[in-house]
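Hello,

Here is the structure I promised to pass on. Please open it first, then read my notes below.

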Amino acid sequence: MDEMRTEIRISVRSLVEFILREGDLDNRITGKADPLAMQAGSRLHRKIQKRMGAGYAAEVPLKIKVPMGEFDCVVEGRADGIFSEDGMSWIDEIKGVYRDLGLIEKPLGVHLAQALCYAFIYASQQELPEIGVQLTYGNLETEELKAFRETRTREELEEWFSGLLEEYRKWAGFQFEWKRTRKESIRPLEFPFPYREGQYDLAAGVYRTIARKKRLFIQAPTGVGKTISTVFPAVKAVGEGLGDRIFYLTAKTVTRTVAEETFRILREKGLRMKTVTLTAKEKLCICEEVQCNPEACPYAKGHFDRVNAAVFELLTEGPDELSREVLLKQAHKHQVCPFELSLDTASWTDAVICDYNYVFDPGVRLKRFFAEGVKGEYLFLIDEAHNLVERGREMFSASLCKEDFLELKRKVKGRYKKAERCLERCNKYLLGLKKECDTYQLHEDVGAFVLQLLSLSTELDRIREEGADPELQKEVLDFWFQVRDFLNTADRLDENYVIYSEIGEDGHFRLKLYCVETAKSLRECLDKGNAAIFFSATLLPMPYYKHLLGDENDYAVYARSPFSAEKRLLLLGQDVSSRYTRRNRTEYERIADYLAAMTEGRKGNYLAFFPSYRMMQEVFEVFQDKYGGLAECAIQRSGMKEEEREAFLGQFEAGGRKSLLGFCVLGGIFSEGIDLKREALIGAAVVGTGLPQVCHEREILRQYYEEKGMDGFAYAYRYPGMNKVLQAAGRVIRTDEDRGVILLLDNRFLGSDYRGLFPLEWGDCQVCRLKDAGKRIGEFWEGI
């Protein structure tokens with residue numbers, strides 16, 4: 001029996017959009033995903049299809065296989081409709097738009113091309129000499145329809161389709177050859193290091209999870225080697241055909257570099273996989289301000305004429321690691337937008353390293369991979385997964401500010417009367433809510449407001465289409481996005497959401513659709529792939545994270561620390577507290593005394609983490625007064641820029657004549673993600689239990705879970721706080737060569753509610769008082 005031929009598959013839509021690029025790169029709405037438009041479009045499709053009667057076949061799957069040498073190219077998709085009229089078959093392609101249909105004089109090229117592809121496939125399969133092609137445009141709000149019709153012979157369509165595929169041939173050929181190269185390089189690949197204790201079982205668990213198309217939660221302390229233990233089995237799974245593309249998702253830039261380094265290590269062992277790191281548009285843009293129009297950016301005009309050549313050259317002649325620097329250099333060479341270049345390149349790579357939002361955020365996610373109806377052989381590796389709880393709530397929530405409506409109304413006044421009236425109606429609705437609100441208020445429904453926003457959205461879209469002056473155009477577009485995000489979120493409202501309004505500290509009134517439970521929305525994204533691995537050093541308690549990120553039936557693994565407990569001293573100060581009622585000069589002096597005991601134990605670098613900037617500043621001043629000569633001090637400032645952060649951390653790498661004590665905020669930029677190894681950091685003090693500040697949103701969370709019979713305080717405060725504590729403490733021991741001291745300075749840690757959240761490796765925690773802390777620390781260092 002002949003060996004089954006390799007198939008390179010592509011959808012009709014992807015084929016025509018990729019080959020038939022159109023126009024310049026400008027501020028098109030297509031730059032952001034619009035789930036509401038997609039959902040409205042689907043509803044319009046169904047209405048039109050139902051209206052056409054029994055003789056109208058809807059959503060007809062069509063596929064054609066075209067031999068291309070050693071492989072077959074499969075082009076597939078679904079025709080919106082197929083019907084007969086006067087003995088002739090017709091293909092119907094339906095497009096939902098918000099535009100005034102009177103402004104559409106002819107079909108958009110890519111829309112017509114989709115219909116022509118379906119027409120050719122159907123005419124070939126049915127052996128039709130001629131076929132009709134209909135483009136039906138429907139306004140998503142008025143449901144008004146406008147159709148464009150033409151007929152084509154099968155010979156005409158065959159010639160056109162052959163030309164389209166001929167342009168795609170080199171891309172399909174690249175895919176075929178590259179996947180063969182990739183597979184051959186993965187087959188002999190072995191784990192690049194000697195396995196640490198438990199690391200083999202961890203990697204095997206990841207592989208089994210992928211093979212079973214499930215989800216896995218991994219609680220793995222620092223030093224286990226989480227990144228290589230997840231990336232390596234995922235790569236091997238790709239080699240076995242269990243997946244085709246890896247998405248390595250992170251919350252912070254620093255963890256992206258760890259992923260890049262891991263793929264680099266595997267390449268040194270022979271791996272051939274193309275990886276691309278996606279960077280925010282603002283960080284890649286060559287202009288001082290992001291303005292994607294030909295007048296402001298030289299790379300925008302004619303971008304689509306040049307970008308395919310830039311991508312193909314990068315894939316065939318560039319390195320396997322497509323870093324930010326590589327992308328910028330290629331963009332400059334071909335005069336194309338570096339951000340759009342990175343997105344186009346991602347379509348052809350084996351692994352994409354990116355922020356969570358490119359997969360999960362409804363308004364930002366990559367449409368080419370995660371649009372409605374799109375699925376793929378994706379493997380999701382979700383690093384520092386504890387961050388996804390709050391990030392998920394942020395991504396699936398939306399809010400609008402009353403004062404913004406008034407400001408835009410002032411700017412359009414007398415120029416766009418319909419928009420002005422819509423803005424005033426929205427403002428009046430919010431004003432009514434504000435009059436009933438003292439601090440914050442829960443709401444059952446905002447349906448009337450949503451209807452007003454739909455009308456406003458249409459008017460803002462009309463202003464955008466007509467083209468206002470550049471400054472107003474930008475403000476209208478920015479506000480349009482806010483309104484669309486709110487409408488998109490409103491369309492998702494269910495029992496997982498709470499609607500509330502509040503008067504902020506700035507006096508502004510906001511209405512928010514707040515996603516409390518994120519698991520359902522996250523699952524909708526993850527179900528577009530094969531398997532997902534959540535991993536972090538702080539996924540405790542595991543049921544809490546499985547509840548908010550996954551499902552109670554998902555797999556879970558607890559990896560033990562490979563480091564000897566003798567290398568680390570963990571002390572819990574029972575005579576100190578960070579409670580608000582205890583925040584005074586006496587308590588600050590006691591904390592400063594603990595910090596002095598820590599730094600006196602051995603010359604070196606230390607960090608101290610505090611629950612607020614104010615408390616940090618107070619203790620910093622006390623420490624300077626009492627122990628100014630004991631250690632050099634560095635203090636975190638609010639809103640530090642990237643170069644300031646690097647300078648702060650650089651002090652710990654440089655070393656000095658005296659000890660160095662850094663004062664930082666718990667849960668801030670220096671309490672997770674930083675990697676100060678060996679002598680760069682030998683101790684940390686964590687002041688307080690990390691409880692988030694009491695605010696309206698936290699209280700809403702607490703009440704939400706209490707009403708469900710759950711521990712609302714734990715979900716809203718204790719669990720998120722303890723996560724920050726564990727992250728900060730995890731800065732100390734990073735490698736097998738590290739030694740260090742960890743101080744937990746708050747007597748609340750003595751309670752079973754907190755001790756029950758300690759990881760297994762904290763079983764040797766010692767309770768102490770200030771009077772014996774110095775002695776314990778001295779004895780530890782003497783023993784080392």
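Start with Glu7: this residue is partly exposed, at 32% relative accessible area. (Buried means under 20%, exposed over 50%, partly exposed in between, with a 1.4 Å probe and protein chains only.) Lys65 is partly exposed too, at 48%. Their side chains meet in a salt bridge, 3.0 Å from N to O. That term means a side-chain nitrogen of Lys or Arg within 4 Å of a carboxyl oxygen of Asp or Glu. Glu7 sits in strand 1 and Lys65 in strand 2, 58 residues apart. (Helices, H or I, have at least four residues and strands, E, at least two; both are DSSP runs numbered from the N terminus.)

A word on the source: this is a predicted model, where local features need pLDDT of at least 70 and side-chain atom pairs pLDDT 80 or more, while totals for chains, interfaces and linings use all residues. Residues are numbered from 1 along each chain as its sequence is written, and side-chain values use heavy atoms, without hydrogens and water.

The structure holds 50 salt bridges. Another one joins Lys512 and Glu697, with the closest N and O atoms 3.0 Å apart. Lys512 is in strand 16 and Glu697 in helix 24, so the pair ties together parts 185 residues apart in sequence.

Arg590 also pairs with Asp575 in a salt bridge, at 3.3 Å between the closest N and O atoms. Arg590 belongs to helix 21, and Asp575 to the loop between strand 19 and helix 21. Arg590 is partly exposed, at 27%. Asp575 counts as buried, at 12%.

Best wishes
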